[in-house]
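Dear colleague,

I am handing over the structure below, and would be grateful if you could look through it. My notes on what was found follow directly after it.

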Amino acid sequence: MGRVTRTPSGFTLVELLVVLAIAGLLLTLTPPLITAALPGIELKAAARRTAGALRLTREVAIAGGRDAAWVIDVEDGRYAIENDRRSGSLPGGIDIELIAAEDEMQSDTVGAIRFFPDGSSTGGRVILKRGDGEAGWQVGVNWLTGRILVAEWQEE
């Protein structure tokens, strides 16, 4: 009869330790990479939240058959729909700049973008950026159509 040789199956202790060491190294390197990307993600989410609030304000104006204004305090990042219970806020640490019609500016830090029952608006832009101020996101409102667009913003 022939001899049967058995090959060992499974992993050795050394192989398991090497794999665990590599996994531990990857886990220590990954969090800094993720946290470096978070400010950009948070800024984009704030731009989308702003666009959503503006779209809601436009819908309120059209559905209600009356003017509706989206009012923002750029100092503390709080916004609301005028004469409506709905409100919200943007995350802290974001610099907000509002470019709106002069008639809609209530003070140096508070202003509005107004929508009309036909869907048009006074127009304007909300620029969201971080402290370095070189790049960010802008939410633009077309005055004629009331269309709301989100785009990347670069300092000129």
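V71 stands opposite A80 in strand β2, where two strands count as paired if DSSP finds at least two bridges between them. This is a predicted model, in which local features need pLDDT of at least 70 and side-chain atom pairs count only at pLDDT 80 or more, while totals for chains, interfaces and linings use all residues. Residues are numbered from 1 along each chain as its sequence is written, and side-chain values use heavy atoms, with hydrogens and water left out.

Strand β1 (residues 68–73) runs antiparallel to β2 and is joined to β2 by 4 bridges; helices (H or I, at least four residues) and strands (E, at least two) are DSSP runs, numbered from the N terminus. The hairpin of β1 and β2 has 4 residues between the strands, and G77 in its turn has a positive phi of about 75°.

On the other pairing, β2 and strand β3 (residues 87–89) are antiparallel over 3 bridges, with S89 in β3 as the bridge partner of R78. These two strands also form a hairpin, here with 5 residues between them, and N83 in the turn has a positive phi of about 60°.

Finally, T50 lies in helix α1 (residues 13–64) and is buried, with a relative accessible area of 0%. Leaving aside residues up to four places away in sequence, T50 touches W70, L90, V126, L128 and V139, contact meaning heavy atoms within 4.5 Å.

Best regards

Technical notes: Buried < 20%, exposed > 50% of the residue type's maximum accessible area, 1.4 Å probe, protein only.
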